[in-house]
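Hello,

Here is the structure I promised to pass on to you. Have a look at it first, and then read on for what turned up in it.

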Amino acid sequence: MKRDRPYERIVDVQFRVRPPDRFSFPSGHTASAFVMMTLLSSTLPTLQIPTLCWGTMVGVSRVYLGVHYPTDVFAGALLGIFAGRMGMSFMM
């Protein structure tokens with residue numbers, strides 16, 4: 001799904017960092033963070049809380065920077081968790 005970024009659609013939103021492409025959905029940065037969170041927390045369970053906090057903060061930062069909507073971040077997180085679990089299932 002191709003959706004314009006928030007700073008292009010909402011008058012009061014300005015981007016704080018220039019995004020690498022034009023479209024917003026899903027958040028690739030958040031997806032990558034949640035892939036890492038899933039892989040690290042499954043390997044080292046003591047990292048579950050810290051990596052969840054880190055992945056969440058990556059997502060929050062994308063909204064704060066004006067380059068993603070909250071739904072983009074949510075979709076990216078789900079995509080990252082799914083991809084991480086799929087990767088783990090192929091390794092086992």
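Thr51 counts as buried because its relative accessibility is 7%, where buried means under 20% relative accessible area, exposed over 50% and partly exposed in between (1.4 Å probe, protein chains only). You will find Thr51 in helix 3; helices here are DSSP runs of H or I with at least four residues, numbered from the N terminus. Setting aside neighbours within four places in sequence, Thr51 is in contact with Met37, Leu40 and Ser41, contact meaning heavy atoms within 4.5 Å.

Before going further, please keep in mind that this is a predicted model, in which local features need pLDDT of at least 70 and side-chain atom pairs count only at pLDDT 80 or more, while totals for chains, interfaces and linings use all residues. Residues are numbered from 1 along each chain as its sequence is written, and side-chain values use heavy atoms, with hydrogens and water left out.

Gln48 also belongs to helix 3. With 48% relative accessibility, Gln48 is classed as partly exposed.

How do helix 2 and helix 3 pack? Helix 2 (residues 28-43) and helix 3 (residues 48-64) have axes 9 Å apart, at an angle of about 180 degrees. They are therefore roughly antiparallel, the word for angles over 145 degrees, with under 35 being roughly parallel, 65 to 115 roughly perpendicular and the rest oblique. Among the residues that meet are Ala33, Met36 and Met37 from helix 2, and Leu52, Trp54 and Val58 from helix 3.

Helix 4 itself covers residues 70-91, so to speak a run of 22 residues, and reaches 32 Å from its first C-alpha to its last, close to the 32 Å expected at 1.5 Å a residue. Its buried residues are Asp72, Val73, Ala75, Gly76, Ala77, Gly80, Gly84 and Met88. What covers them includes helix 2 and helix 3.

Definitions and conventions: Axes are lines fitted to C-alpha atoms, for helices over the stretch in contact, and angles run from 0 to 180 degrees between N-to-C directions. Helices (H or I, at least four residues) and strands (E, at least two) are DSSP runs, numbered from the N terminus. The expected span of a helix is 1.5 Å times one less than its number of residues.
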